[in-house]
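Hi everyone, thanks for coming. Please take a look at the sequence and the structure on the screen, and then I'll walk you through some parts of it.

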Amino acid sequence: MIFIQLFYTFLLIGIFGFGGGYGMLSLIQTETVVRHSWLSSAEFTNIVAISQMTPGPIGINSATYCGYAAVKNAGYGELTAILGSATATFALVLPSLVLMILISKLFMKYMDAPVVRSVFAALRPVVVGLLAAATLLLCNSENFSSPEVSIWQFAVSLLLFAATFVGTKFINISPIRMICYAAFAGLLLLY
């Protein structure tokens with residue numbers, strides 16, 4: 001019975017959890033701590049802390065840990081608790097998965113329509129502008145240092161930036177490989 005409740009609860013959170021993972025946390029807490037009493041407030045606080053430290057979206061991590069803890073606290077064993085975490089995670093992700101499949105099917109069907117082409121033609125410069133704005137926001141003294149603080153660190157930062165740009169744009173090196181190269185070069189040059 002707990003698996004059906006877990007699935008239904010996290011499915012609703014997945015449907016109505018607007019605002020990303022942090023927006024879902026209050027819904028998850030209300031459902032798991034207050035409404036169903038699957039977890040204590042202290043357990044939920046620990047789950048949020050662990051979810052922040054582990055890689056991945058905090059909402060999905062929280063659902064995974066909450067599903068595990070809810071089933072474990074209900075008196076089931078380890079393997080059953082793992083099934084509980086899989087149930088909660090799948091239920092949370094399911095609405096987004098279905099929505100993305102529907103959107104991609106509609107896009108594939110109508111991608112040659114003039115209206116869709118016009119919308120994407122208008123969105124391209126907007127996306128480039130947003131990426132450029134994010135890049136400019138990251139070009140600060142915390143990321144690049146400054147000549148006043150450390151001329152060596154500033155020069156290395158600019159060199160790595162230029163090398164990464166040339167490597168990805170003109171030499172066609174994979175961005176992931178370029179990130180690894182830049183990280184290694186940064187370690188060698190800065191320390």
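**A walk through the helices**

Let me begin with Asn172, which counts as exposed because its relative accessibility is 62%; here buried means under 20% relative accessible area, exposed over 50% and partly exposed in between, using a 1.4 Å probe and protein chains only. Before going on, please keep in mind that this is a predicted model, where local features need pLDDT of at least 70 and side-chain atom pairs count only at pLDDT 80 or more, while totals for chains, interfaces and linings use all residues. Residues are numbered from 1 along each chain as its sequence is written, and side-chain values use heavy atoms, with hydrogens and water left out.

Back to Asn172. You'll find Asn172 in the loop between helix 8 and helix 9 (175-190); helices are DSSP runs of H or I with at least four residues, strands are runs of E with at least two, and both are numbered from the N terminus. The phi angle of Asn172 is near 60 degrees, a positive value in a residue other than glycine.

Ser37 also has a positive phi, near 55 degrees, and is likewise a residue other than glycine. Ser37 sits in the loop between helix 2 (20-35) and helix 3, and with 53% relative accessibility it counts as exposed.

Now to helix 8 itself, residues 151-169. Its 19 residues reach 27 Å from the first C-alpha to the last, close to the 27 Å expected at 1.5 Å a residue, where the expected span is 1.5 Å times one less than the number of residues. Which residues of helix 8 are buried? They are Val156, Ser157, Leu160 and Gly167. Looking down the axis of helix 8, these buried residues fall within an arc of 105 degrees, so they line one face of the helix; the arc is taken from the directions between the helix axis and the C-beta atoms. The face turned away from that buried side carries the exposed residues Ile151, Leu159 and Lys169.

Next, some packing. Two packed helices are described by the angle between their axes and the distance between the axes. Helix 1 (residues 2-16) and helix 5 (residues 78-110) pack at about 30 degrees, with their axes 7 Å apart. The axes are lines fitted to C-alpha atoms, for helices over the stretch in contact, and angles run from 0 to 180 degrees between N-to-C directions. Helix 1 and helix 5 are therefore roughly parallel to each other; that label goes to angles under 35 degrees, with over 145 roughly antiparallel, 65 to 115 roughly perpendicular and the rest oblique. Among the residues of helix 1 that meet helix 5 are Phe3, Phe7 and Phe10, contact meaning heavy atoms within 4.5 Å.

Our other pair is helix 3 (residues 41-53) and helix 4 (residues 58-73), which pack at about 140 degrees with axes 9 Å apart. Helix 3 and helix 4 are therefore oblique to each other. The contact includes Phe44, Ile47 and Ser51 of helix 3, and Asn61, Tyr65 and Ala69 of helix 4.

Let's stay with Ser51 for a moment. Is Ser51 buried or exposed? At 1% relative accessibility, Ser51 counts as buried. Not counting residues up to four places away in sequence, Ser51 touches Ile58, Asn61, Ser62 and Tyr65.

Last stop: Glu31, in helix 2. Glu31 is buried, with a relative accessible area of 19%. Leaving aside neighbours within four places in sequence, Glu31 is in contact with Thr9, Ile13 and His36.
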